[in-house]
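These are my notebook entries on a two-chain model. I set down what I looked up, in the order in which I looked.

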Amino acid sequence: MSADASDLSLVRRVQRGDKGAFDALVLKYQHKLVKLVMRYVRNPAEAEDIAQEAFIKAYRALPQFRGDSAFYTWLYRIAINTAKNAVVSRDRSPIEYNIDRNSTDNDESYDMQGRMRDSETPEGLVLTDEIRSTVNAAIDALPEDLRTAIVLRELEGLSYEEIAEAMACPVGTVRSRIFRAREAIDRRLREVFEGGLGRAEELG
Amino acid sequence: MNEELDSQLSAMFDNELPAAECELLARRLSRDPDVQARWGRYAVIGAVIRAERGVTLNGTVAGRVSAALSGEPALSEVDAARPAGRTPQFRWWQPVAGAGLAAGVAAVSIFWLRSQALPDGAHAPALVAASTATPAPTVRAAQSALQNAAATAPDSFVVPPVQQRPMMVVPATELADYVVAHSAYSWPVSRGNLLSALMVSEPGTSSTPARSDQPASGVQGNAIQNPK
């Protein structure tokens, strides 16, 4: 089994003209990519802009992707280059401060592009905090074997085979434990997403 | 979704699903918004576990990328349009490789022709050596026939005539048939020259088996009837 089989199957679909498959790839890697870009820029909103640009570049370059390396490795390189270029061009161009704002002395209070992203709105930030606390609470409530399996997978990045070795159980059991852990967390998370979206609509 | 499908989706998210199962699930993932939403939440769970601080978890990047790409053509359409706009690239090694290939073919042809031009006796020592090493019954019979022929034939240093090759007779005969059948439409001079050439190049025609006899005699007769 190829280590990148699922990503590759999505990539092949995109190459055949299925944009929905690219949405799935973006959903999967958007957080990782923003975190990666934040090594180069401190502003989360700017990191999101760069990640977005990297995804668009990746989409346009996908016809040349042959699958010689893992998709994420390839995407990682594009994001790094995009971030470096963004930093260079930002350093060359003068920073545009929004002087209409009263609190320009606070670094986090102004928007360099003169606009506010969705993620920076109070609702967006509250939703993010709520998601974090919900997921953490759900993980704490998991049985020990499920929690260990999902943490080894997501935090340590171990393969199912490595987790099976670490937990002294068959690979099929690892797959089942990770799935059940995700399902338990997802049940709680779904409520937050549905409630959060509803609240955002009310506020809007 | 049923539990088995959810389990597959979880394994696919971890790149742990066999490729054969990925194909079907990828198709569903790209089309079913519920499956895609679940997939997105799996990513959020991973981001929280990894404590990715500063990362917003409400999926703004995905929405913006999707919106930005909505106006772009699908990649299959881009690929279909590309060959028309592509300019041909000059590759310096192509003429060199072509010349090399041609030289190789020429060299092989020369060696082959030279080996064909050698008299049959040139291969005899090798044949005799091989046959003495493993004297099978058929080989022994052939050897005795050769010895008999050598004993009856007078000693001579004259190079033996080259044997007729059957594959050379058949096309010439068929060509003669064709010429006879279409003689009404050809110039008398060229027809006469061609038939003369055929008879010269086919010395065994008159004494060859029945199939080649009839057209050959017809050719001769036709040639006599049209002596131009």
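**Entry 1**

With which residues is Val37(A) in contact, leaving aside its neighbours within four places in sequence? I find Ala47(A), Ile50(A), Ala51(A), Ala79(A) and Ala83(A), where a contact requires C-beta atoms, placed from the backbone, within 7 Å of each other.

I then looked up the largest nonpolar core, which has 66 residues. A nonpolar core is a set of buried Ala, Val, Leu, Ile, Met, Phe, Trp, Tyr and Cys residues joined through C-beta atoms within 7 Å. A residue is buried if 20 or more other C-beta atoms lie within 10 Å of its own, exposed if 12 or fewer, and partly exposed in between, with C-beta atoms placed from the backbone. Val26(A), Leu33(A), Val37(A) and Ala51(A) have the most contacts inside this core. Helix 2 (residues 19-37) of chain A gives the core its largest share, 11 residues. I note as background that nonpolar side chains tend to be buried together in soluble globular proteins.

**Entry 1: conventions and confidence**

I record that this is a predicted model, in which local features need pLDDT of at least 70 and side-chain atom pairs count only at pLDDT 80 or more, while totals for chains, interfaces and linings use all residues. Residues are numbered from 1 along each chain as its sequence is written, and chains are lettered from A and ligands numbered from 1 in the order in which they are written.

The model scores ipTM 0.81 and pTM 0.59. For chain A I read a mean pLDDT (the predictor's confidence in each residue, from 0 to 100) of 82, with 78% of the residues at 70 or more. In chain A, pLDDT falls below 50 over residues 97-115, a stretch with 14 contacts beyond near neighbours in sequence. Residues 197-204 of chain A are also below 50, and there the model has 3 such contacts.

For chain B the average pLDDT is 66, and 42% of the residues score at least 70. Residues 84-88 of chain B stay under 50 and have 0 contacts beyond four places in sequence. Over residues 203-228 of chain B the pLDDT is below 50, with 32 contacts beyond near neighbours in sequence.

Chain A has 8 helices and 0 strands; helices (H or I, at least four residues) and strands (E, at least two) are DSSP runs, numbered from the N terminus. Of its 204 residues, 36% count as buried. Among contacts in chain A between residues at least 6 apart in sequence, 58% join residues at least 24 apart.

Chain B has 11 helices and 0 strands. Of the 228 residues of chain B, 21% count as buried.

**Entry 2: where the chains meet**

I looked at helix 3 of chain B by itself. Its 17 residues reach 24 Å from first C-alpha to last, close to the 24 Å expected at 1.5 Å a residue, the expected span being 1.5 Å times one less than the number of residues. Its buried residues include Arg38(B), Trp39(B) and Tyr42(B). Just after this helix, Ala51(B) takes a positive phi of about 55°.

**Entry 3: two loops**

Glu16(B) is in the loop between helix 1 (3-13) and helix 2 (19-31) of chain B. Is Glu16(B) buried or exposed? Glu16(B) counts as buried because it has 21 C-beta neighbours inside 10 Å. Leaving aside neighbours within four places in sequence, Glu16(B) is in contact with Tyr160(A), Arg175(A) and Ala11(B). Asn15(B) lies in the loop between helix 1 and helix 2 of chain B and has a positive phi of about 60°, although it is not a glycine.

In chain A, Ala168(A) is in the loop between helix 7 (160-167) and helix 8 (171-203). Ala168(A) has a positive phi near 55°, and it counts as exposed because it has 7 C-beta neighbours inside 10 Å.

Terms used: Two residues are in contact if their C-beta atoms, placed from the backbone, lie within 7 Å.
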